[in-house]
Amino acid sequence: MEREFFLLLSGVATVSALLVIVARNPVHSALALVACLVQIAALYVLLGAPFLAVIQIFVYVGAVMVLFLFVIMMLDVRKESQRRYLKHALLPGVVVLVILSGELIVLLTQSTKLHAAMGPGQTITTQPSVEALSLLLFQDFLLPFEVASVILLVALIGAVVLARSEADVTPVRSRKDHGEVRR
Amino acid sequence: MIPTAWYLILAATLFVIGGAGVLLRRNVLIVLMSLELMLNSVTINLLAFGHVLQDLRGQIIAIFVIAITAAEVAVALGILVALLRNKNTLEVDELTVLKG
């Protein structure tokens with residue numbers, strides 16, 4: 001039963017990932033990516049990580065993709081949707097991709113260490129709980145957790161500073177200058 | 001029980017698809033979306049190995065990957081909006097400000 005679920009979810013994920021690449025309209029790409037991310041979240045449940053599945057839905061589908069859709073709405077995308085692919089980079093890009101996929105296939109099929117680590121896929125009886133996850137996160141990984149919060153704060157401030165327009169920054173000073181001149 | 005190799009093959013497929021988006025597409029927004037796809041495929045690998053080896057550290061690193069991705073997307077879209085204000089194009093081969 002699990003295998004059928006895996007095949008269904010991974011098939012839909014692959015097809016929607018291809019749709020992200022092929023779609024003309026960026027809105028269609030974003031919606032296909034949402035579908036793909038939801039499938040991947042379901043795969044996380046199969047992998048015994050339900051907490052990660054919920055986080056995936058919250059953060060990726062809820063926050064990241066909504067941010068993408070807001071930016072797409074803000075920008076005028078009709079003009080750019082005429083030509084999809086880079087003209088000059090097509091040949092080198094395809095060559096790089098063929099080399100990359102060949103490398104991955106060789107690695108997955110030939111590496112003996114990988115096969116030893118993977119094994120035949122034994123049945124796992126004890127499901128790791130969210131409690132164990134949180135204990136590990138807040139005991140052994142407390143410093144990385146705090147550093148991640150600092151990184152998020154820096155990114156928040158950086159995004160606000162970057163997205164603020166020049167018109168918001170400079171007129172304050174010039175308005176003040178004008179006022180002083182008038183006085 | 002699902003063989004771990006299936007997860008690795010799926011992750012490799014999604015990684016190559018995301019790489020194709022990064023290398024071939026013209027639109028900056030879709031390049032960023034393909035980057036998200038590549039990061040997700042790496043997360044699948046982390047969780048698959050964590051599941052097989054019964055090690056929760058895979059999930060911990062996946063949580064950090066997701067947190068850093070959220071920060072990265074916020075900064076990237078901020079840069080994109082600032083860039084579009086100066087140069088009215090979304091095409092990657094016309095954004096050559098740093099090259100001169």
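This is a predicted model: local features need pLDDT of at least 70, side-chain atom pairs count only at pLDDT 80 or more; totals for chains, interfaces and linings use all residues.
Q: Where does UniProt place "transmembrane region" in chain B?
A: The record, an unreviewed entry, gives residues 6–24, 31–53 and 59–84 of chain B. Its positions follow the numbering used here, feature names are shortened, and annotations may be inferred rather than shown by experiment. Residues 59–84 of chain B are 100% helix and 0% strand, with end C-alpha atoms 37 Å apart.

Q: Which residues of chain A carry the "transmembrane region" feature in UniProt?
A: In an unreviewed entry, UniProt lists residues 6–23, 30–51, 57–77, 89–108 and 141–163 of chain A. Residues 6–23 of chain A are 94% helix and 0% strand, and their end C-alpha atoms lie 25 Å apart. Residues 30–51 of chain A are 86% helix and 0% strand, with 24 Å between the end C-alpha atoms.

Q: How many helices and strands does chain A have?
A: Chain A has 8 helices and 0 strands. Of its 183 residues, 17% count as buried.

Q: Why is chain B called more spread out than a compact globule?
A: Let's start with what chain B is made of: 3 helices and 0 strands. Its radius of gyration is 17 Å, well over the 13 Å that the globule rule gives for 100 residues, so chain B is more spread out than a compact globule. That radius is taken over C-alpha atoms, and the rule is 2.2 Å times the number of residues to the power 0.38. The C-alpha atoms of chain B fill a box of roughly 50 × 25 × 20 Å along the principal axes.

Q: What makes Leu32(B) partly exposed?
A: Count its neighbours! Leu32(B) has 19 other C-beta atoms within 10 Å. A residue is buried with 20 or more other C-beta atoms within 10 Å of its own, exposed with 12 or fewer, and partly exposed in between, with C-beta atoms placed from the backbone. The count of 19 therefore makes Leu32(B) partly exposed. Leu32(B) sits in helix α2 (residues 28–52) of chain B.

Q: How do you know whether Gln54(B) is buried or exposed?
A: Gln54(B) has 12 C-beta neighbours inside 10 Å, so Gln54(B) counts as exposed. Gln54(B) lies in the loop between α2 and α3 of chain B. Although not a glycine, Gln54(B) has a positive phi of about 55 degrees. Most residues other than glycine have a negative phi.

Q: How many residues of chain A are in contact with chain B?
A: 73 residues of chain A are in contact with 60 residues of chain B. Two residues are in contact if their C-beta atoms, placed from the backbone, lie within 7 Å.

Q: Why are α2(A) and α2(B) called roughly parallel?
A: The two helices pack at an angle of about 5 degrees, with axes 11 Å apart. Angles under 35 degrees count as roughly parallel, over 145 as roughly antiparallel, 65 to 115 as roughly perpendicular and the rest as oblique. α2(A) and α2(B) are therefore roughly parallel to each other. Axes are lines fitted to C-alpha atoms, for helices over the stretch in contact, and angles run from 0 to 180 degrees between N-to-C directions.

Q: Which residues meet where α2(A) touches α2(B)?
A: Among them are Leu33(A), Leu37(A) and Tyr44(A) in α2(A), and Met33(B), Glu36(B) and Asn40(B) in α2(B). The residues of this contact divide into 14 nonpolar, 2 polar and 1 charged. Ala, Val, Leu, Ile, Met, Phe, Trp, Tyr, Cys and Pro count as nonpolar, Asp, Glu, Lys and Arg as charged, and the others, Gly among them, as polar.

Q: At what angle do α3(A) and α3 of chain B pack?
A: α3(A) and helix α3 (residues 57–86) of chain B pack at about 5 degrees, with axes 11 Å apart. That makes α3(A) roughly parallel to α3(B). Leu52(A) and Val59(A) of α3(A) are among the residues making the contact, as are Ile63(B) and Leu77(B) of α3(B). The residues of this contact divide into 16 nonpolar, 2 polar and no charged.

Definitions and conventions:
Residues are numbered from 1 along each chain as its sequence is written. Chains are lettered from A and ligands numbered from 1 in the order in which they are written. Helices (H or I, at least four residues) and strands (E, at least two) are DSSP runs, numbered from the N terminus.
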